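Work through the exercises below with the sequence and the 3D structure at hand. Each task is followed by a solution in steps.

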Number of protein chains: 2
Amino acid sequence: MAENSENSSRRPTIYDLAQIAGTSPSAVSAILNGTWKKRRISAKTAKRVTQIATEQGYAVNLQASMLRRERSHIIGMIVPKYDNRYFGAIAEQFEAMARARGLFPIITCTQRDPDLELEAAREMISYQAEALVVTGATDPDRIADFCAAAGVNAVNLDLPGNKAPSIVSDNFSGARDLTRLILTRVAQDFGATVPLWFIGGRPHDHNSMERLRGFRAAHDEIDLSVPKDRIIMPGYSADKAAAALVGHEFPRQFGIFVNSTITMEGVVRWLSNMIDMDRVRLGCFDWDPFAALLPQNVGMARQDVATMLRRVFETIDEKSGPSLRIEVPCIMQPLPQPG
Amino acid sequence: MAENSENSSRRPTIYDLAQIAGTSPSAVSAILNGTWKKRRISAKTAKRVTQIATEQGYAVNLQASMLRRERSHIIGMIVPKYDNRYFGAIAEQFEAMARARGLFPIITCTQRDPDLELEAAREMISYQAEALVVTGATDPDRIADFCAAAGVNAVNLDLPGNKAPSIVSDNFSGARDLTRLILTRVAQDFGATVPLWFIGGRPHDHNSMERLRGFRAAHDEIDLSVPKDRIIMPGYSADKAAAALVGHEFPRQFGIFVNSTITMEGVVRWLSNMIDMDRVRLGCFDWDPFAALLPQNVGMARQDVATMLRRVFETIDEKSGPSLRIEVPCIMQPLPQPG
DNA sequence: CATACTTGCTCAATCGATGTAGCATAGATT
DNA sequence: AATCTATGCTACATCGATTGAGCAAGTATG
């Protein structure tokens with residue numbers, strides 16, 4: 001319908017519309033941004049200009065508008081990957097919540113590359129983002145420093161930092177509860193109270209450390225000690241997990257704590273080469289709908305994305321200090337025995 | 001490190017830097033955007049200004065820069081969801097490819113809401129996006145019209161339209177090949193050459209129609225006719241698929257064509273309530289790493305995201321007409337029998 | 001009839017970066 | 001000495017939208 005009549009090459013501006021309507025650019029601007037009543041423009045003129053704007057396929061130049069207004073309403077988010085449900089849910093819900101607050105969300109996926117993370121932050125600041133949510137950054141403090149220098153509000157999500165407020169899952173409690181569940185199910189199904197294996201993650205990664213602490217706490221509660229060689233931390237990737245498992249000896253029946261859904265892919269791949277897959281019970285930190293359907297899976301610690309994001313927006317609104325650290329409990333999803 | 005010394009409230013501009021450095025804003029601009037050699041600014045001045053810019057935590061105001069330059073280098077993408085690997089891969093690879101071409105990618109997730117789709121397109125155009133990739137839109141033509149009126153290049157991805165060039169998977173061939181594979185495996189494992197069930201999708205959705213055509217073609221090849229009640233299209237969602245399956249009667253052994261990974265979730269949920277899950281063989285259009293590990297799954301038709309996106313960028317560069325329709329073959333991933 | 005108020009607009013400065021045109025000085029060439 | 005060239009900058013208009021200030025014409029009030 002909307003037809004850019006003659007000079008179809010360039011986008012129309014308020015000056016073009018003003019010329020066509022026989023009014024001033026100021027009037028057009030006021031009409032199109034809704035301040036026309038306050039500025040005492042007649043309804044008749046308003047209607048005419050609006051009509052012309054539609055005909056010409058006009059869209060404000062937000063570059064110019066924001067330059068003048070000195071408010072961008074842009075909120076940026078940095079995400080490492082889109083390859084699991086957790087970050088997918090974060091991105092999706094962040095967008096919806098930002099929009100609901102009248103903000104324009106910009107999300108960038110930085111592939112866990114520290115330089116790309118900084119580059120993305122710099123770009124978002126250049127686009128006049130008013131706040132930045134830094135999710136799962138490998139080096140959150142560098143980004144926070146950079147934001148602070150530019151006077152932009154930053155919040156860490158998922159991985160904590162020291163230079164900006166941080167919202168993270170309660171990895172300790174989540175891992176402890178999940179470990180308890182796996183221990184219980186191993187005891188029930190295999191009739192043995194024995195230490196579990198821990199697979200995935202990096203030994204110096206904050207989240208892995210907290211989860212390992214929870215894993216240990218659940219064992220300590222029932223006076224089990226975990227042999228060192230049962231902690232296998234070759235990174236999160238599926239390939240590394242699968243490779244690491246191949247080199248290990250396992251008893252006839254055993255339980256595994258899987259540190260992420262990505263790691264879980266590797267574990268399941270390895271598992272599928274077993275003759276008897278019923279030898280294993282496992283639980284996974286984080287949630288995936290297919291992983292939830294695996295018969296060996298006794299439960300998943302699902303991170304509470306909605307609550308975390310609510311805290312993120314609160315933190316931004318309150319302009320909290322860098323010492324703030326909020327831990328959001330995970331939602332335990334015990335899985336029923338199939339069949 | 002970078003410390004915004006006194007007036008930490010507002011971001012420094014080239015005028016602030018010029019004042020501190022004792023030069024003109026023009027010089028600062030030239031130095032910071034790299035054109036200073038051409039403009040015969042001395043290396044000494046350049047070094048000094050760069051230093052000051054870093055100290056002050058300066059970042060260009062791209063709003064102002066783009067307004068002046070009249071080129072934004074922004075490329076927008078509209079995506080329906082982030083809840084499966086296909087759209088996750090699209091978003092991730094689109095970002096990487098856009099960046100590699102010196103463009104700034106903006107992605108928005110529109111939740112399959114036609115109004116939100118149009119709203120997002122309008123917003124991206126207002127941000128001076130130079131091109132728009134419209135992925136899986138419910139109403140691509142409305143968006144294409146809108147883009148055309150604003151003089152913005154649009155390309156449809158995944159779902160085709162008539163008002164802009166479209167890049168889609170070759171759903172027909174992918175579905176036909178997948179159907180062949182399931183039929184073969186059903187024959188091998190169950191010793192019977194019988195028509196399959198088709199589950200998921202909407203009867204008037206382009207992709208579903210094409211896949212159903214492929215499904216039928218593979219049956220026709222071997223002179224099998226598909227009874228009407230074996231085509232179950234209650235939408236893509238997992239819940240609807242699970243609910244639809246519950247009401248059906250199935251023989252002792254049978255095969256299913258699953259129309260998407262989301263649908264697959266519902267199918268597997270339903271499956272997990274079966275006493276004997278080995279009664280079924282299934283194949284799924286689209287790919288998911290966990291779904292690939294299910295023992296009943298004989299293969300997946302993985303959409304070739306990298307190739308599709310390459311075609312998208314080519315199409316944008318060549319400013320192709322609305323009649324262009326490119327079909328990209330799927331990658332068949334037959335799955336080995338586990339154990 | 002003069003003054004005040006209302007209505008319906010227009011003018012012009014402004015946001016920050018860019019780039020063309022041009023100016024001043026130093027050194028080289030005729 | 002006069003001209004030319006190179007070097008190293010500065011001045012200013014510009015991109016499009018916004019907004020405080022203000023103007024002109026009409027209506028109401030004293």
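A salt bridge is counted when a side-chain nitrogen of Lys or Arg lies within 4 Å of a carboxyl oxygen of Asp or Glu. The model used here is predicted.

**Exercise 1. Salt bridges**

Task: State how many salt bridges the structure holds over all chains, then explain why the pair A:R99 and B:E123 joins two chains.

Solution. 
Step 1. Over all chains, the structure holds 36 salt bridges.
Step 2. A:R99 belongs to helix 5 of chain A, and B:E123 belongs to helix 6 (residues 114-126) of chain B, so this pair joins two chains.
Step 3. The side chains of A:R99 and B:E123 meet at 3.0 Å, N to O. The cut-off is 4 Å.
Step 4. Side chains of opposite charge can pair when their charged atoms come close.

**Exercise 2. A bridge inside chain A**

Task: Find which parts of chain A are tied together by A:R281 and A:D189.

Solution. 
Step 1. The closest N and O atoms of A:R281 and A:D189 are 2.6 Å apart, and the two residues form a salt bridge.
Step 2. A:R281 sits in strand 9 (residues 280-285) of chain A and A:D189 in helix 8 (residues 171-190) of chain A, so the pair ties together parts that are 92 residues apart in sequence.

**Exercise 3. The interface of chain A and chain B**

Solution. 
Step 1. Chain A gives 58 residues to the contact, and chain B gives 58 residues.
Step 2. About 5600 Å² is buried between the two chains, with 56% of it on carbon and sulfur atoms.
Step 3. Six salt bridges cross the interface, and 24 residue pairs are in polar contact across it.
Step 4. Elements of chain A that give two or more residues to the side touching chain B include helix 4 (62-69), helix 5 (85-100) and strand 2 (104-109).
Step 5. Sorted by class, the side of chain A that touches chain B has 30 nonpolar, 14 polar and 14 charged residues.

Definitions and conventions: Residues are numbered from 1 along each chain as its sequence is written. Chains are lettered from A and ligands numbered from 1 in the order in which they are written. This is a predicted model: local features need pLDDT of at least 70, side-chain atom pairs count only at pLDDT 80 or more; totals for chains, interfaces and linings use all residues. Side-chain values use heavy atoms; hydrogens and water are left out. Contact means heavy atoms within 4.5 Å. Buried area is the accessible area (1.4 Å probe) that two parts lose on being put together, summed over both. A polar contact is a pair of N or O atoms within 3.5 Å; within protein, one must be able to donate a hydrogen and the other to accept it, and residues adjacent in sequence count only if both atoms are side-chain atoms. Helices (H or I, at least four residues) and strands (E, at least two) are DSSP runs, numbered from the N terminus. Ala, Val, Leu, Ile, Met, Phe, Trp, Tyr, Cys and Pro count as nonpolar, Asp, Glu, Lys and Arg as charged, and the others, Gly among them, as polar.
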